[in-house]
Structure formats: C-alpha cells, structure tokens
Number of protein chains: 2
Amino acid sequence: MTIREIYKNSEQFLNKEVKLGGWIRSIRGSKHFGFLVLHDGTFFKPIQVVYEEKLANFQEISKMNVGAAVIVEGILVPTPQAKQPFEIQATSVTLEGASAPDYPLQKKRHSLEYLRTISHLRPRTNTFQAVFRIRSMAAYAIHQFFQERGFVYVHTPLITASDCEGAGEMFQVTTLDLNNIPKDKEEKVDFTQDFFGKPTNLTVSGQLNAETFAQAFRNTYTFGPTFRAENSNTARHAAEFWMIEPEMAFADLKDDMEVAEAMLKYVISYVMENAPEEMDFLNQFVDKGLKDRLNHVLNAEFGHVTYTEAVEILEKHNDEFEYKVSWGTDLQTEHERYLTEEVFKRPVFVTDYPKEIKAFYMKLNQDGKTVAAMDCLVPGIGEIIGGSQREDDYDLLRKRMEEVGLDEENYQFYLDLRKYGSTHHSGFGLGFERCVMYLTGISNIRDAIPFPRTVNNCEL
Amino acid sequence: MTIREIYKNSEQFLNKEVKLGGWIRSIRGSKHFGFLVLHDGTFFKPIQVVYEEKLANFQEISKMNVGAAVIVEGILVPTPQAKQPFEIQATSVTLEGASAPDYPLQKKRHSLEYLRTISHLRPRTNTFQAVFRIRSMAAYAIHQFFQERGFVYVHTPLITASDCEGAGEMFQVTTLDLNNIPKDKEEKVDFTQDFFGKPTNLTVSGQLNAETFAQAFRNTYTFGPTFRAENSNTARHAAEFWMIEPEMAFADLKDDMEVAEAMLKYVISYVMENAPEEMDFLNQFVDKGLKDRLNHVLNAEFGHVTYTEAVEILEKHNDEFEYKVSWGTDLQTEHERYLTEEVFKRPVFVTDYPKEIKAFYMKLNQDGKTVAAMDCLVPGIGEIIGGSQREDDYDLLRKRMEEVGLDEENYQFYLDLRKYGSTHHSGFGLGFERCVMYLTGISNIRDAIPFPRTVNNCEL
C-alpha cells in the first residue's frame with residue numbers, strides 16, 4: 001500500500017486498516033501521545049500518524065529521529081477540522097531503519113547550494129521530490145507523444161569517432177594507460193592500441209545517426225545523453241545532459257515547427273495534469289509565475305518571425321541591449337527573451353537564419369544566404385528548441401561541408417543518405433534539462449538533473 | 001498520410017485518393033504499365049503501386065531505381081484476387097530523390113554480416129525494420145510498465161568517478177591532451193588538470209545511484225547506456241549497451257522477482273500485440289520457434305529454485321557439460337539453459353547464490369554464506385535478468401566492502417543510505433539488447449543495437 005494509493009482512493013480506505021512503509025519527515029511527542037509525519041516517496045503529500053501511549057513501544061517511537069524508516073499500521077480516519085483530509089491512528093509503528101542524529105535533512109529549509117553537496121539525500125526534500133518526479137513524467141510524456149504518433153525510438157551511439165557539429169569541445173574515450181601512452185614512429189599517440197583502434201569521443205548529438213533512421217522509418221527520435229566538455233561554469237551548462245532529437249522524412253520546416261509546438265504543449269499539459277501537487281508547490285516556493293506562464297504557453301498559438309524581421313525589430317531597441325544586434329550576428333539570450341517576452345508575449349519561432357551562424361547540415365534557402373533553420377523561444381528562458389530542414393541535395397551538402405572544412409571521408413554515410421533516395425526532411429533538438437527547468441521554474445541546471453556533471457564536479 | 005494509416009483503416013481509404021511519400025522497394029515495368037512496391041517506413045508491409053503509360057512521366061518512372069524516394073498519388077483499390085488486399089492505381093508518381101545505380105540494397109537477400117558494414121542503410125531492410133521497430137516498442141513498453149506503477153525514472157550519470165561493481169574494465173573519460181599528458185611531481189598523470197579534476201570513466205551500472213532515489217521515491221528505475229571495455233569479441237558482448245535497473249524500497253527478493261516476471265511478460269505481450277507483422281516475419285525468416293517460445297513464457301508461471309538445489313540437479317548431469325558444476329562454482333550458460341530448457345521447461349529464477357560469486361552489495365542470508373540474489377533464466381538464452389535484495393545493514397555492508405577490498409571513502413554516499421532510514425530494498429538489471437535479442441530471435445548483439453560498438457569497431 002502506498003500514500004499515493006490512499007490519496008487517490010481515500011474513500012475506499014477511510015475507517016479501514018492501512019499499512020504503510022515510509023520515512024519520518026517530522027515528529028513531535030508529548031507524554032501521552034505524539035504525531036509523526038510520514039512520507040513514502042510515492043506522493044508529494046505526506047500523511048500524519050497519531051501514536052498513543054497504549055502502543056507497547058511508545059517510548060521508542062518518541063525517540064525516533066527525522067529520516068528514520070518505519071512501518072506504520074493503523075486506521076485511516078477522516079479529520080474534517082484539520083488542514084489535511086485524514087490521518088492514521090496507529091495500531092503499530094515499527095522501526096525499519098533508524099536515522100542517525102546527524103541526519104543532514106532536519107526540518108528546516110536548506111539552500112539549493114547546500115543540497116547540491118548531498119545529491120544522494122536531496123531527492124528526499126520537497127523541492128527535489130517535485131523536480132525529479134516532474135522530470136520523470138516529462139521524459140515519459142515525450143516518449144508517449146512520439147510513440148502515439150508512430151515515431152521509432154532509436155538509441156544513437158554515445159561513443160563516436162565523429163563530431164556532429166564539426167565543432168564543440170569533446171570528451172575523449174580511451175582505454176590507453178594514461179601513465180604510459182603508447183606512441184607510434186612519429187611519436188604521436190598510437191591509437192591502434194586503443195580499444196576501438198582509433199580516437200573516439202563522447203557524442204555531442206545523435207542527429208546524424210537519427211537521420212539514417214528517418215530515411216528508413218520516416219519518423220524517428222532519439223532521447224539519450226549527450227556531452228560537452230565546455231569549460232563554462234554557468235547555471236545553464238552541464239557537461240552531461242539529455243537530448244531529444246526527432247528526425248522526420250518528408251517533412252519541411254513548417255512540419256518541423258508544428259511537431260515542436262505540439263510536443264511542448266503535450267509535455268506541459270501532461271505534467272500539469274499528472275503532478276498538480278508538485279506544480280502547486282513549485283509555483284508557491286520556487287517560481288511564483290510558473291503556472292501562469294505554462295498555462296499561457298498551453299493556450300497560445302506560437303508566433304512566427306524570420307531572423308531578418310526579428311533583427312529589424314531588435315535593432316530599434318539596441319540601446320537596451322548589452323550586445324547590439326545587426327544582420328548576421330547571432331541572437332543572444334537577452335534578444336531572444338525580448339522577442340518572446342516583450343514583442344510577441346508568447347512563444348515564437350525565429351526562422352531562416354544566416355547560414356554562417358548555423359550548422360553545415362541545414363538546408364540552404366533560395367536566397368543563397370539563409371538556411372531553413374528555426375529556434376523556438378519561450379518566455380522566461382529564451383531558446384528551448386533548435387531545429388532545421390536538413391540539406392537534402394548531395395552537391396549542395398558537399399559544397400557546404402567543404403566550406404566549413406569538414407573531412408568528407410568521415411561523412412560518407414551522411415552523404416549516402418542524399419545519394420540513395422534522398423527526401424526533404426527535418427528535425428530538431430530539445431535539451432531535456434532546459435525543458436525540466438522550464439517546467440519546474442528551477443533556475444540552475446545543477447538542480448534539474450539528478451547527478452550533475454560540471455567543470456571540476458563529478459560526485460557520486 | 002502513411003502506409004500504416006492505410007493498413008489500419010483501409011475501409012476508410014478504399015476507392016479514394018491517397019498520397020504517399022516513400023521509397024521504391026522493387027520495380028518492374030512493361031511497355032504499357034508497370035508495378036512498383038512502395039515502402040514508407042511506418043508499417044512493415046509495403047503497398048503495390050500500378051502506373052500506366054497515360055502518366056506523362058511514364059518513361060521516367062520506368063527508369064527509377066530501387067531505393068529511390070517518390071511521392072505517389074492515386075486511388076486505393078481493392079484487389080480481392082491478389083495476395084495483398086489493395087493496391088494504388090497511380091495518377092502521379094513524382095521523383096523526390098533518385099537512387100544511384102550502385103545502391104547496395106538491391107532486391108536480394110543480404111547476409112547480416114554484410115549489412116553490418118552498412119549500418120546507415122540496413123534499417124531499410126525487412127529484418128532491421130522488424131528488429132528496430134520492436135526495439136523501440138520494447139523500450140516504450142518498459143517505460144509504460146514502470147510509469148503505470150508509479151516508478152520514478154531517474155537518469156543516473158554516465159560519467160562517473162566510481163566503479164559500481166568494484167571490478168570490470170572501464171573506459172576512461174578525459175580532456176587531457178593524450179599527446180602531451182601533464183604529469184605531477186611524481187611523474188604520474190596530473191588529473192587536477194583534467195576536466196573534472198580527477199580520473200573519471202564511463203559507468204558500468206546506474207544501480208548505486210538509483211538506490212539513492214529508491215530511498216526517496218520508494219520505486220524508481222533507470223534506463224540508460226552503460227559501458228564495458230571488455231576485450232571479448234563474441235555475439236553477446238558490446239562495449240556500449242542499454243540497461244534497465246529498477247530499485248524498490250520496502251521490497252524483498254520475492255517482490256523483486258514478481259516485478260521482474262511481470263515486466264518481462266508485459267514487454268512480450270506489448271510487442272506481440274503491437275508488432276504482429278514484424279513478429280510473423282521474424283518467426284518465419286529469423287527464428288522459427290520464436291512466437292511459440294514467447295507465448296510459452298507469457299503463459300507460464302516462472303519456476304523457482306535455489307542455487308543449492310540447482311547445483312544438486314545439475315551435478316547429476318555433469319557428464320553432459322563442458323564445465324562441471326559443484327557448489328561454489330558460477331553457473332555457465334550451458335547450465336542455465338539446461339535448467340530452464342530441460343529441467344523446468346519454462347523461465348526459472350535461481351536464488352541464493354554463494355556470496356563469493358556475487359557482488360558486494362547483495363544481502364547476506366541467515367546462513368552467512370549465501371546472498372539474497374536471483375538470476376532469471378529463460379529458454380533459448382539463459383540469464384536475462386540478475387538482481388538481489390540489497391544489503392541494508394550498515395555494519396554488514398562495511399564488512400563486506402572491506403572483504404572485497406573496496407575503498408570505503410568512495411562509497412560514503414552508499415553507506416549513508418544505511419545510516420539514515422535504511423529499508424529492506426531490492427532491484428535488478430535487465431540488459432536491453434539481450435531483451436531485444438530474446439524478443440526478435442536475433443542471435444548477434446551487433447544486430448540488436450542500431451550502431452554497435454565492439455573491440456576495434458566504432459563506425460558512424
């Protein structure tokens with residue numbers, strides 16, 4: 001039996017015997033009776049348990065510490081006068097596992113910074129109960145969204161010998177003895193002795209691999225970890241994070257944006273429906289505008305603006321920006337937020353960026369200078385999704401690869417897709433942690449992922 | 001519109017105009033008309049398209065190659081005399097992307113070995129359409145199984161500074177310049193200059209991290225990539241593979257086995273229900289006993305036997321085995337298969353193994369020499385799941401860690417779980433590729449994962 005079951009079907013349990021395992025959130029006793037608040041991790045709300053001196057181990061119970069695991073049996077009784085709808089009148093409280101007196105999560109508020117130092121215990125706090133349950137639900141909602149639409153989930157590889165973006169700092173993966181690196185005749189690392197016989201690293205994106213599946217299954221998506229060895233210690237960067245990357249054959253940029261918008265709305269509505277207690281808590285204690293903002297996104301039709309139009313709008317406000325905007329510059333978060341929060345007052349897709357500031361695989365537009373790219377900007381965060389129609393023309397793609405200095409040999413498989421039954425096709429990427437931050441109002445990525453990895457930080 | 005939609009609701013499309021994008025699987029023309037078989041990746045079966053000389057580009061169509069992408073418009077007409085239920089009488093066939101004449105997937109059977117050399121194209125073949133769609137469905141079924149039961153999905157970290165099993169060959173992760181490794185005063189690698197400031201590697205299991213979540217959410221599971229740098233070139237080993245690892249507080253070994261059995265049955269039944277065409281194909285061309293075997297598992301109650309009893313049974317047949325069995329030895333695949341195929345003739349859980357052949361975190365039984373472990377053996381494959389009740393006693397766990405030579409300092413977080421509200425708890429691991437092999441009858445792990453990584457092999 002779980003606390004979730006009881007809350008969801010309380011009618012059926014009222015005035016009956018219940019039995020629950022859980023952890024003591026707080027406890028206060030007097031001479032003849034006491035209260036303990038029991039949480040079992042299955043539901044956001046705990047249940048109050050009343051224990052009385054008639055219990056054989058009354059003294060023992062009174063001395064239990066916060067954090068102790070207990071098994072409680074008793075009667076679930078309604079409490080119409082109280083804040084909570086019911087409580088348990090215990091017939092027995094058995095200690096399952098004591099909690100040492102130095103338990104770090106005493107009943108008081110702890111800073112998120114402090115809780116980061118105890119990542120094995122912080123999931124027991126209200127904030128992280130909410131964040132990590134929502135993370136779990138959001139992940140599931142994303143799978144449900146794509147699977148209901150017949151998308152094939154593809155596990156793209158983590159260890160790779162190529163670099164999707166043609167840039168980015170990557171982690172190397174090796175089994176060579178770092179204390180004694182084997183060298184070849186030219187005194188370079190002898191990778192023939194490495195596990196894969198060549199240099200390998202951790203992927204920064206599953207997109208190119210996913211495209212091979214889109215050309216076979218039409219609609220496909222990846223959802224897996226990606227890595228950046230970026231030396232930036234910000235609230236938005238993690239070295240290891242999860243990405244969702246759908247790829248769709250026979251889909252143009254418009255189709256791409258429709259799927260992105262539908263997906264975001266699906267996830268928001270799934271979480272709001274399935275985690276109302278968590279959302280209420282976050283709205284009250286973490287981010288007061290959270291629910292309004294999400295409801296607004298849910299009900300808004302997303303805006304559309306080209307990069308060129310967006311720049312024209314932004315240029316008029318250049319005096320308000322730290323970084324001045326002009327055609328050809330990349331948009332910074334301040335510009336993105338201005339567009340979505342001040343100009344459109346709702347989520348907006350910015351499309352058709354200059355090819356120079358976008359990746360080589362994006363489809364060149366007729367004008368020869370922009371690409372069929374889209375970024376989805378949302379209030380409160382800026383860019384949350386980036387995508388594009390992919391270049392499907394063999395010659396144009398080769399030319400572009402040459403321009404940006406990619407070694408064609410490493411991308412033969414990718415060119416093959418344009419040689420054997422090429423289709424117009426599109427896709428996008430959603431950083432899952434950014435999505436979780438958006439859904440929860442959490443402002444530091446370290447609090448949106450269970451065990452964050454950042455520069456100089458790899459605990460547990 | 002997709003071929004799946006047409007097959008699933010053919011009544012509603014019959015004698016109406018349809019429009020499909022897809023790829024030519026085969027094409028044969030005569031002077032006045034021709035047939036092409038169109039596949040669009042959304043459904044296992046293709047659709048036959050009839051094109052006649054009245055089409056303006058009749059000559060062009062006739063010259064199209066296998067693998068070409070086309071957009072077909074026409075009328076869906078019933079074909080009661082033919083093997084297929086309907087076909088499309090084309091009003092137009094437009095070339096979307098040609099296929100070069102050297103397209104490797106001509107209409108003939110290719111060996112799985114050959115197809116491995118073109119992992120970007122093999123998803124277009126019948127076998128891999130079946131295997132990878134089933135893989136996708138199985139992954140989703142696993143999420144559905146756990147989410148419906150309120151389990152919280154936790155993303156455990158990939159890059160880690162510890163080693164779960166206290167053994168195993170691991171991949172190192174580093175940003176150091178391998179051509180110029182920085183050394184400290186003692187001429188050892190200076191890891192303070194590495195990204196995380198210490199040696200890190202790729203995880204072999206998310207279990208220990210997942211346990212921290214079980215002690216907070218009660219029921220939790222991981223589903224993510226894990227890595228082994230094992231130098232073994234077999235049909236069952238990959239360097240990168242996906243694992244499902246549930247962890248449950250207030251669950252003993254019996255509960256653990258119940259969840260494992262229910263999960264396996266859930267996945268099998270989900271796949272058989274949702275991919276009947278794929279299963280028929282695999283049953284016919286890949287593994288003739290497949291469907292019978294899975295149906296048998298679905299309807300059997302799994303057997304239970306202790307390791308000690310199993311050894312007694314097996315010892316009587318030692319003359320049939322390459323490796324002789326006696327109490328204390330680990331069971332080999334030949335023994336496992338004998339137990340499940342010959343003795344029990346159904347899946348069986350073997351429990352209570354000698355502690356010496358199991359991991360340090362497994363709960364010591366009262367006898368002091370066995371642990372509350374379970375392996376689930378299934379016909380045709382042997383071990384598919386391994387799990388245990390976890391040691392929840394602080395002192396016993398510390399003692400065991402000392403015995404096997406683990407450095408306590410690295411496991412402080414794990415010991416903390418036994419210090420602050422310890423509960424009896426259990427979990428197991430399911431290798432996802434092994435599960436996919438079991439569901440599809442595919443016998444080489446390289447064909448069960450989209451982009452396999454094995455010794456000296458890291459393509460795409």
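Guide: In this predicted model, the largest nonpolar core has 240 residues, and those with the most contacts inside it are A:Phe171, A:Ile385, A:Phe432, B:Phe171, B:Ile385 and B:Phe432. A second, separate core of 26 residues includes B:Ile3, B:Ile6, B:Leu55 and B:Val70.

Visitor: What makes a set of residues a nonpolar core?

Guide: The term stands for a set of buried Ala, Val, Leu, Ile, Met, Phe, Trp, Tyr and Cys residues joined through side-chain atoms within 4.5 Å. Buried, in turn, means under 20% relative accessible area, while exposed means over 50% and partly exposed lies in between, with a 1.4 Å probe and protein chains only.

Visitor: How are the residues and chains labelled, and which parts of the prediction are used?

Guide: Residues are numbered from 1 along each chain as its sequence is written, and chains are lettered from A and ligands numbered from 1 in the order in which they are written. Because the model is predicted, local features need pLDDT of at least 70 and side-chain atom pairs count only at pLDDT 80 or more, whereas totals for chains, interfaces and linings use all residues, and side-chain values use heavy atoms, with hydrogens and water left out.

Visitor: Why is B:Leu415 called buried?

Guide: Its relative accessible area is 0%, and the limit for a buried residue is under 20%, so B:Leu415 is buried. B:Leu415 is found in helix 13 (residues 412-416) of chain B, where helices are DSSP runs of H or I with at least four residues, strands are runs of E with at least two, and both are numbered from the N terminus. Leaving aside residues up to four places away in sequence, B:Leu415 touches B:Tyr394, B:Leu397, B:Arg398, B:Met401 and B:Glu408, a contact being heavy atoms within 4.5 Å.

Visitor: How do you know that the buried residues of helix 12 of chain A are on the same side?

Guide: In helix 12 (residues 394-403) of chain A, the residues A:Leu397, A:Arg400 and A:Met401 are buried. They cover an arc of only 100° around the axis, which puts them on the same side of the helix; the arc is that of the directions from the helix axis to the C-beta atoms. The face turned away from that buried side carries the exposed residues A:Asp395, A:Lys399 and A:Glu402, and what covers the buried residues includes helix 13 (412-416) of chain A.

Visitor: What makes A:Asp393 a cap for helix 12 of chain A?

Guide: A side-chain oxygen of A:Asp393 lies 3.1 Å from the backbone nitrogen of A:Asp395, at the N-terminal end of helix 12 of chain A. A polar contact is a pair of N or O atoms within 3.5 Å; within protein, one must be able to donate a hydrogen and the other to accept it, and residues adjacent in sequence count only if both atoms are side-chain atoms.

Visitor: Why is the relation between chain A and chain B called a two-fold axis?

Guide: Chain A can be laid on chain B with an RMSD of 0.0 Å by a turn of 180° and a shift of 0.0 Å along the axis, and that is the relation of a two-fold axis. The superposition is by least squares on the C-alpha atoms of residues with pLDDT of at least 70 in both copies. Of the residues of chain A, A:Val173 comes closest to the rotation axis, at 2.4 Å (C-alpha).
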